[in-house]
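Reader: I would like to go through some labels given to this structure and ask what each one rests on.
Author: Go ahead.

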Amino acid sequence: MNHAFDIVIVGAGPAGLAAACAAAESGQRVAVLDDTPWLGGQIWRGEQSRPQLSQAQRWIERFRRSGATLLDRTSAIACPQPGVLLAEHPDEPREIHWQRLILATGAREMFLPFPGWTLPGIVGPGGLQALVKNGWPVDGKRIVVAGSGLLLLAVADGLKKHGAKIVSVSEQAPWSRVLGFGPALLSHPGKMLQGAGIKLRLLGVPYRCGVWPVKAEGDEQVRRVTLTDGRNTWTEDCDLFACGFNLVPNVELPLALGCALSDGFVRVNEWQAASVENVYCAGEPTGIGGVDCALVEGRIAGCAAGDRHAPAKALFAKRACWHRFRAALARAFALRPELKSLAADDTLICRCEDVTLGRMKQFNGWRDAKLQSRCGMGPCQGRVCGAAAKFILGRGMESVRPPVFPARVSSLITSGTSASNPNPNQTTT
Amino acid sequence: MSQTRDIIIVGAGIVGVACAMECARGGLKVLVLDRGPIGGGTTAAGMGHIVVMDDSEAQFALTHYSRSLWHELRPQLPEDIEIEVCGTLWVAADDEEMAEVHRKAKNYGQRGVRVEVLNSADLEKAEPNLRRGLAGGLRVVEDFVIYPPCAARHFLEQARKHGAEVRTGVHVKALRSDGSVLLADGSSISAGRCVNAAGPWSPALTPGLPVRKRKGHLVITDRHPGFVHHQIVELGYLKSAHSTGRDSVAFNIQPRKTGQMLIGSSRQFDADDLTVDQAILDRMLKRAIEYLPALGRLSAIRAWTGHRAATPDKLPLIGPSTVSDRIWLATGHEGLGITTSPGTGRLLADLLLGRKTEIPSAPYAPARFANGGAHHE
Ligand SMILES: Cc1cc2nc3c(=O)[nH]c(=O)nc-3n(C[C@H](O)[C@H](O)[C@H](O)COP(=O)(O)OP(=O)(O)OC[C@H]3O[C@@H](n4cnc5c(N)ncnc54)[C@H](O)[C@@H]3O)c2cc1C
Ligand SMILES: Cc1cc2nc3c(=O)[nH]c(=O)nc-3n(C[C@H](O)[C@H](O)[C@H](O)COP(=O)(O)OP(=O)(O)OC[C@H]3O[C@@H](n4cnc5c(N)ncnc54)[C@H](O)[C@@H]3O)c2cc1C
């Protein structure tokens, strides 16, 4: 089915919602598409059905009143021609025509391979949080949390509230760095309160910095995690192991549209405009800055896409402030080089295609390794192993091809008959 | 020193490495150069269907010869070449195409190619996911499927065992009539002869070569084992492959050892970039779903394109160029280079070494074209 709008936003997380509200104020026809059935993206998942955060409620309410259309369960899979997105929807493929496009595709968790990392019961902290929000029981479960980023604390806190027994929370970054992040927290009262609240509830749970996992063991399920601080190594028993190392931006759709990246993030100008005409980008794809940073970038993008430059400009100072926070985050939670040697040669790096790190190392570059070992060729198309390989070996995914996500074969077909298709039924004469 | 090198092969696609393997086995000192990784050109984009074809006598001779060489190689091929002896199923939609089934069956049968004719009911049994009401088909029993990039690596390993040297990441700028090659960095490497095996890029190294890029699209699915059991090709494919005119698509699907399916294919001239062309993709996938109605519901994970190296008579160029007897050609394999690589390597080595070829080499001689490697320098 065909849909046409003036401004189309991909992603209904904080950045997308803020962009939609701002864009709708310009009086244009605005639509937001999201692959999930709900509003709120990763962080506000579940807020629609079980309201908890007032900030989320405010934005969801604001979006509802904005007049923007929500195309839910709609996943953008390709850009068949300029001004058109091809999207998959459970009922029928959708072609969404846009004049201006705002990409607010968010981020995903970064996983690093270590011996045992593919055992059942090892999950990303964000992924586990999402499962729990959808009603998956963790009551009484012993959970070890490790990896990196503020997300670890937030997730541990949430799991504890759902009755889990948090064995420990381990942050790979050293105390000195995480403490250095303090001033950035202090200058952002909202974050600070959130941080303090989390600390209180976590009381009694060891939060350690400068500690990282080296292996996981178990039978049909993870049972033990071995951790180290670089000098000592010890083992903790668990039923689940939540492990993730910061976030990786979802830049596949921006790349498919031809947007230039710099340092792995979508390059934008002061109006959040990407290098491709009429395409904007906001939130995590431009840098991992958290929910408030995503909100302000989203609003700027929405205003700019609606040609309202004054209100966009009025937000520049606020954004600059969040960009300082973003830079502080990156410094505080930078991954330590020791993590590059967690995986042994016989550790899988590509889970889709069962490729070990040792096998991958036999080849000279990502493309060579991919062609010869099939790594990155599976359904995830290198989303997991590409990020890991980039960190460990300094090489990673090189090209994005449609579909951006796996999609039904029929969803790849557009309705259009174009100039190069004068006679679609008569193909063999 | 480098002067002692007999031959430099430019291009480590499946054709170049097959030549390297046969030349090295024949005792020649071989150097293989490629600007990219091994098998990273068209060899990384193609389907890997090893198929006997009979559009012309010469095409039959080379594909049949090559397929028998592939079967000889089979016992030594490593696991990752993913051999799947699924056979080819040529599908006839109507009586006219069924007549072609019978013609082909007779032609193949007379020449010792194992085939079976299927009527409508047999076809339904052989491939239950095909739409009902098709006229029948032809099963070519010993055709099979491989994974080309690993086959290329294996051929190169064989060449190395016989002393061949390989350098990747080396961009060649020109082939010289004294047999030496000029590299992009300005240096040159001398040898008795050089071979242009640069696939669709070969005209850049031998200007005037009658080779044009012919773009093809493919889509790979997630793992759905058992959905089809043969490489299935519509007989209309012949008409599509034949036409040198406008863009065409034809139904062609391949079961991979991984349980995935590779869906093809299209043919376009004058489309030199590698972006996916939505209009062509639309036609190609619609065509495939016409034949396999349930295919639309399966999950697709990637679409891509590649360039075939097409010649005017759909036969490759194998042998000395008309420019210089020190510049040889092994290119122009269009949509059959994976199949015909072993035969090409053997022919080239036989010609270079002055051995008797096992099939006549004249139909592939570059000299058949007035400009089979013309106006060089
Ligand atoms: C798993 C996970 C859990 C997180 N948990 C927390 C937390 O507890 N606390 C915290 O402070 N931060 C958390 N974050 C970080 C937080 O999401 C961001 O800081 C902030 O929400 C950024 O907002 P965003 O709009 O850029 O991205 P997101 O909130 O991720 O929103 C992006 C939305 O776009 C959709 N989308 C992406 N691509 C497409 C496409 N091609 N077609 C259609 N829809 C698409 C996604 O489904 C998603 O709904 C988490 C991040 C992740 C990845
Ligand atoms: C969609 C599609 C489907 C196909 N399906 C089949 C099939 O089922 N069966 C079959 O038999 N065939 C098939 N083919 C055809 C087959 O893929 C090709 O014929 C074959 O791969 C050609 O191999 P090649 O070695 O000649 O060329 P290539 O593999 O393209 O190798 C040429 C090499 O030369 C290198 N090179 C080029 N220029 C230079 C330079 N200046 N300096 C250094 N290096 C250079 C390139 O990097 C490349 O590695 C298909 C092709 C396509 C596009």
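Reader: Which residues in helix 14 of chain A are buried?
Author: This is a predicted model. In helix 14 of chain A the buried residues are Cys385(A), Gly386(A), Ala387(A), Ala388(A), Ala389(A), Phe391(A) and Ile392(A).

Reader: Why does Ala387(A) count as buried?
Author: The relative accessibility of Ala387(A) is 15%, and buried means under 20%. Ala387(A) therefore counts as buried. Leaving aside residues up to four places away in sequence, Ala387(A) touches Met110(A), Val248(A) and Gly382(A).

Reader: Why is helix 14 of chain A said to be largely enclosed by the rest of the structure?
Author: Because seven of its nine residues are buried. The cover over these buried residues includes strand 16 (247–249), strand 20 (348–350), helix 12 (357–361) and helix 13 (366–373) of chain A. Just after the helix, Gly394(A) has a positive phi of about 75 degrees.

Reader: What makes strand 22 of chain A and strand 5 of chain B edge strands?
Author: The open sheet has nine strands in the order 22(A)-17(B)-13(B)-16(B)-15(B)-14(B)-4(B)-6(B)-5(B), with mixed pairing. Strand 22 (407–408) of chain A and strand 5 (115–119) of chain B each pair on one side only, as the edge strands.

Reader: How do you know that strand 15 and strand 16 of chain B pair?
Author: Pairing requires at least two bridges, and strand 15 (residues 248–255) and strand 16 (residues 261–269) of chain B have six, in the antiparallel sense. Opposite Val249(B) stands Ser266(B) of strand 16 of chain B.

Reader: Which helix lies across strand 15 of chain B, and at what angle?
Author: Helix 8 (residues 278–291) of chain B, running at about 55 degrees to strand 15 of chain B. Helix 8 of chain B also lies across other strands of chain B, including strand 4 (88–92) and strand 17 (299–310).

Reader: What makes the contact between Glu334(B) and Arg267(B) a salt bridge?
Author: The N to O distance between their side chains is 2.8 Å. The limit is 4 Å, so the pair of Glu334(B) and Arg267(B) qualifies as a salt bridge.

Reader: How many salt bridges does the rule find across the interface of domain 1 and domain 2 of chain B?
Author: Two. Domain 1 and domain 2 of chain B bury about 1000 Å² between them, 57% of it on carbon and sulfur atoms. Their C-alpha centres lie 29 Å apart. Domain 1 of chain B gives 14 residues to the contact and domain 2 of chain B gives 16.

Definitions and conventions: Residues are numbered from 1 along each chain as its sequence is written. Chains are lettered from A and ligands numbered from 1 in the order in which they are written. This is a predicted model: local features need pLDDT of at least 70, side-chain atom pairs count only at pLDDT 80 or more; totals for chains, interfaces and linings use all residues. Side-chain values use heavy atoms; hydrogens and water are left out. Buried means under 20% relative accessible area, exposed over 50%, partly exposed in between (1.4 Å probe, protein chains only). Contact means heavy atoms within 4.5 Å. Helices (H or I, at least four residues) and strands (E, at least two) are DSSP runs, numbered from the N terminus. Axes are lines fitted to C-alpha atoms, for helices over the stretch in contact, and angles run from 0 to 180 degrees between N-to-C directions. Domain bounds come from an automatic or database domain assignment. Buried area is the accessible area (1.4 Å probe) that two parts lose on being put together, summed over both.
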